[in-house]
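Subject: Structure for your review

Dear colleague,

Please find below the structure that I would like to hand over to you. My findings follow directly after it.

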Amino acid sequence: MITELLSTTVLIGILASGIRLATPYLYAAIGETFGQKSGVLNLGVEGQMLLGCFAAFYVALTTGNLWLGLLAAMIVGAAMGLAMAFVTVNLRAQQGISGIGFYLFGLGMSDLLFQRLMGTVETVKGFQRIYIPGLSDIPGIGEIFFNQNILVYGAYLLVPLAWFVLNKTTLGLKIRAVGENPDAADSLGVSVARVRYFTIILGGTLSGIAGASLSIALLNVFQQNMTSGLGFIAVALVYFGAWKPVGVLGGALLFSMVNSLQLWIQVLGIPVPSDIAVMMPYVLTILVLVATVSRVRAPSALTKPFERDD
Amino acid sequence: MLKSRLSGFIFQLIAFFLALGFVSLILVAVGASPFDAFKNMLNGSIGSMRKFAEVLVSFVPLLLVTAGLLITFSAGLWNIGVEGQIVLGAIGTTWVLRLFVDSSVHPAIVIILSIFGGMAAGALWAAFAGALKTFGGVNEIFGGLGLNFVSTALTLYLIFGPWKREGVASMSGTEPFPDVFALPQVPDLRISLWSLAIAGVAILIVYFILQGTYFGLKIKAVGKNIRAAYLLGIPTWQYSLYSFLICGALAGAAGALQVTAVYHRLIPAISSGYGYLGLMVAMLVNYQAIWAIPVALFFAALNIGSIQLPILMHLDSSLSGVLQGVLVLFVLLTEGVRQKFVKKV
């Protein structure tokens, strides 16, 4: 029975779906990385994702255009980010609380809209796999990496892009400065408020895309509370990834690979007790948590509202 | 002082009406009558004795969790792991009940033991988050999130593994305990006066600790300015840990009562989001323990009042969540405005 898992086809299947499953984590956690690098902890990711998830699905369903759906998710996410930025930057609210407020809002609102506007679970034909001549034909590798939909590719392109922006550009320097020492950044003429507005809205937009990737690219349905904690895992992944895009990538891949393995075990009907299978991703969370303890240091100004001393 | 408290109250009232207005707009936008929705919610929560008893069932865990969180908040800690502490409380209680279920020990003693077991398990889980924070330097928000996932996993493992029902394991939870192991309920109603009393005593104790004891003063000192507290000779890490333990024990009690007074078994979603709601309530009452009672009651009433909405007017019961979230955001909004306003004067 166990040998079934080790056959090449299954192995490729596990890896390919692992790559795919990491997509929402990547978008959400990279977005969250930007926010936290600038000193803002956004705990509302889950709510942003859920609304993005719904917006993308509903717009795609009614217009028949997936790109419009994606755009809708981005707009909804950005709007939630804008509101979050206003509350945390201008009003200097406790970030944990405002984040959970946005989570409850997004959770309830997506349910409410679903109930009013749709009522029943429907499906859409989501983003299809893209065949890349040459690359997709490579045995194994092609199936795993180059037979995915556009949002999956986007998620992986986001990682080097985020690394580049954070580490090699003036904007990235400003973001890091604002997150480490906002007073110093402020005295050098960097607008703490503007930088944080930017990172929170960017984070919201990416969370929106993360939601869309679930509803119109991976699962192609919308169900109530379909993210089921995924947004919170994304927040934790930022910590596991030590506030580095590459670290976030590692965490997201590890998590989704184990999840994929677990799903395949159930699909194949292998008599590994289902309780152990269900637990695997979580057990992994503990192990990674223990492994990362005290190895990393958070941005100094994380969760601290900035106020200029007059 | 009095003036600032009064203005704070007025601003919270403004926030409340702004939130109602905002949610009304949402309802109008989705084509539902806000008036009917609020009327149905009111009816659904206090329309009859039976419904109000349901509100109290929801009020008990929320109040217990809030009581605990008031302590950690006072110590300046973000105990987001409270969800997991509720879950562990439920697991601890279930474990003790299972130990004694076939024994000849008097059921009353078993119930009491099991509640203490739940409190101990909740405190232990909180101690993990506390130890990660004080010794490992792990921010309690991340440690707590991690531990929450672990607690979910543990529950699933127990329900589908060692504690699974005879024959099939299912999401409906473990085998229900015999009736003798349930806290006695008011005839015809689901509420147990015992659990109500436990929650009431808990909030009073927390009020007393924070208002009237040296211990509470030290916890608040740690929360206000950890460095100053340290320089004054308060062993700050110990007090952080104490506050985690108290909060964990109270959250554990909430989980314990969910098992002994409500579900009579362990179910996968045993915490039902009370941890996050408790964080909201604790923030809304701005550390004033006594105010936690009416606010928690109000939140519980929203929860229960919205249950009938899908049947009555094709609205989702999640409307309560929308209202709760919006309310919190508007309180933050008006509080921010008030701070600016106060500063200018």
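The notes below take the contact between the chains, then the domains, and then the nonpolar core. Please bear in mind that this is a predicted model.

Chains A and B

The contact between the two chains takes 40 residues from chain A and 40 residues from chain B. On the side of chain B that touches chain A, the elements giving two or more residues are helix H6 (140-160), helix H11 (274-284) and helix H14 (319-344). By class, this side of chain B has 27 nonpolar, 12 polar and one charged residues.

The domains of chain B

Chain B is divided into domain 1 (1-32 + 315-345) and domain 2 (51-314). Taken over C-alpha atoms, the centres of these two domains of chain B are separated by 27 Å. Their contact takes 10 residues from domain 1 and 14 residues from domain 2. On the side of domain 1 that touches domain 2, six residues are nonpolar, three are polar and one is charged.

The largest nonpolar core

The largest nonpolar core has 226 residues. Among the members that touch the most others are Tyr25(A), Ala56(A), Leu250(B) and Ala253(B). Helix H10 (residues 236-263) of chain B provides the largest share of this core, 17 residues. Domain 1 and domain 2 of chain B each contribute at least three residues to the core.

Which residues does Ala253(B) touch, not counting residues up to four places away in sequence? They are Leu64(B), Gly89(B), Ile115(B), Gly118(B), Met119(B), Ile198(B) and Ala202(B).

Yours sincerely

Methods
Residues are numbered from 1 along each chain as its sequence is written. Chains are lettered from A and ligands numbered from 1 in the order in which they are written. This is a predicted model: local features need pLDDT of at least 70, side-chain atom pairs count only at pLDDT 80 or more; totals for chains, interfaces and linings use all residues. Two residues are in contact if their C-beta atoms, placed from the backbone, lie within 7 Å. Helices (H or I, at least four residues) and strands (E, at least two) are DSSP runs, numbered from the N terminus. Ala, Val, Leu, Ile, Met, Phe, Trp, Tyr, Cys and Pro count as nonpolar, Asp, Glu, Lys and Arg as charged, and the others, Gly among them, as polar. A nonpolar core is a set of buried Ala, Val, Leu, Ile, Met, Phe, Trp, Tyr and Cys residues joined through C-beta atoms within 7 Å. A residue is buried if 20 or more other C-beta atoms lie within 10 Å of its own, exposed if 12 or fewer, and partly exposed in between; C-beta atoms are placed from the backbone. Domain bounds come from an automatic or database domain assignment.
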